[in-house]
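The entries follow the order in which I looked things up.

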Amino acid sequence: QAGAAQAQTGTPPPPVAQGDRPATAVPDPAPHPGMRRYKVNLPPPAVFDMAVARVDADGTKWTGAATMTWHTDGSRYRASVEAGLSLLITRLNLLVTRSEGEIDDYGIAPVKSTEKRARRAETATHFNRDAGTISFSAVETTYPLLVGAQDTVTVPFQLGGIGRADVNQFGGDIDIQVANDKEAVVYRFQLVGEEELDMKTGKVVTWHLSRPPKPGTYSSKLEIWLAPGLNWYPVQIRVSEGNGAVTTQTVSDIKMTEAGK
């Protein structure tokens, strides 16, 4: 692993990764009640335009666009991702995910997230803090709500907040419970190292984090590139599926917005 004491250098913002589906529906038999608490200093509000590039398992290539939003007034937040692929002259809206909730001592604290995929009904995930559970509209299974739990929209911003608060926290593995529309599992992120991305906005120095596949839990690889020089925004997100398909979202433009707007 790259040393966590690497100097912070300029970097830009990325998009949010979704599309992760654990390979099985078996809950983790050993909940993690003693999840590590991280220092978190969340980045300021912004809207991100992203380019989407996908390569299917058979080599077919697709391109598209996505918009990611992050709004917070310091006590509450709203976040969303809308992604689509281009089919000739039309745009297929593949995924719309939204998340809203509060900001607490552990960082982002989702209350509800929704997901709408093409040709599928919208699903909702509920973070029931009073009951200490995570529940879903799509399935009856519930999971224990662990401290610092996130959803697929918020996890890149939570990671950015961890780096923004104290970069040395990346000196060890970062464990975060992440809920999608059916399951909630612990993602273990590792620091790959410092990398320079050649982006539309120019060359940007990033910190590359990776969550490798975990047999029996999730079959895909999730990678997030954070930009220290750009408020630790996530500037690139990549999901490599177990079947070989790869989807990469790269930020092409960032617009700072007023808090709470």
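**Confidence first**

I began with pLDDT, the predictor's confidence in each residue on a scale from 0 to 100, and noted that the chain has a mean of 85, with 83% of its residues reaching 70 or more. Over residues 1-32 the pLDDT is below 50, although this stretch has 132 contacts in the model beyond near neighbours in sequence, where contact means heavy atoms within 4.5 Å. I wrote down that this is a predicted model, in which local features need pLDDT of at least 70 and side-chain atom pairs count only at pLDDT 80 or more, while totals for chains, interfaces and linings use all residues. Residues are numbered from 1 along each chain as its sequence is written, and side-chain values use heavy atoms, with hydrogens and water left out.

I then turned to helices (DSSP runs of H or I, at least four residues) and strands (runs of E, at least two), both numbered from the N terminus.

**Two hairpins**

I looked up strand pairing, which requires that DSSP finds at least two bridges between the strands. Strand E6 (residues 123-128) pairs with strand E7 (residues 133-136) in the antiparallel sense over 4 bridges, and the two form a hairpin with 4 residues between them. In the turn, Gly-132 has a positive phi of about 75 degrees. E7 also pairs with strand E8 (residues 143-144), again antiparallel, over 2 bridges, and this hairpin has 6 residues between its strands. Which residues are the bridge partners of Thr-133 on the two sides? I found Asn-128 on one side and Pro-144 in E8 on the other.

**A glutamine in a loop**

Gln-169 is found in the loop between H1 (155-165) and strand E10 (174-179). Is Gln-169 buried or exposed? I applied the cut-offs (buried under 20% relative accessible area, exposed over 50%, partly exposed in between, with a 1.4 Å probe and protein chains only), and Gln-169 counts as buried because its relative accessibility is 6%. A polar atom of the Gln-169 side chain lies 2.8 Å from the backbone nitrogen of Lys-39. Leaving aside neighbours within four places in sequence, Gln-169 is in contact with Arg-36, Tyr-38, Lys-39, Ile-162 and Ile-174.

**Salt bridges**

I counted a salt bridge wherever a side-chain nitrogen of Lys or Arg lies within 4 Å of a carboxyl oxygen of Asp or Glu, and by this rule the count comes to 12.

One of them joins Glu-102 and Arg-76, whose closest N and O atoms are 3.5 Å apart. Glu-102 lies in E4 and Arg-76 in strand E3 (residues 76-87), so the pair ties together parts that are 26 residues apart in sequence. Glu-102 is partly exposed at 38%, and Arg-76 is partly exposed at 41%.

Another is formed by Arg-188 and Asp-173, at 3.8 Å from N to O. This pair links distant parts of the chain, with Arg-188 in strand E11 (residues 184-199) and Asp-173 in the loop between H1 and E10, 15 residues apart. Arg-188 is partly exposed at 41%, and so is Asp-173 at 27%.

My last entry is the bridge between Asp-253 and Lys-255, at 3.1 Å from N to O. Asp-253 is partly exposed at 31%, and Lys-255 is partly exposed at 39%. Asp-49, Asp-253 and Lys-255 are linked in a network of salt bridges.

Notes. A polar contact is a pair of N or O atoms within 3.5 Å; within protein, one must be able to donate a hydrogen and the other to accept it, and residues adjacent in sequence count only if both atoms are side-chain atoms.
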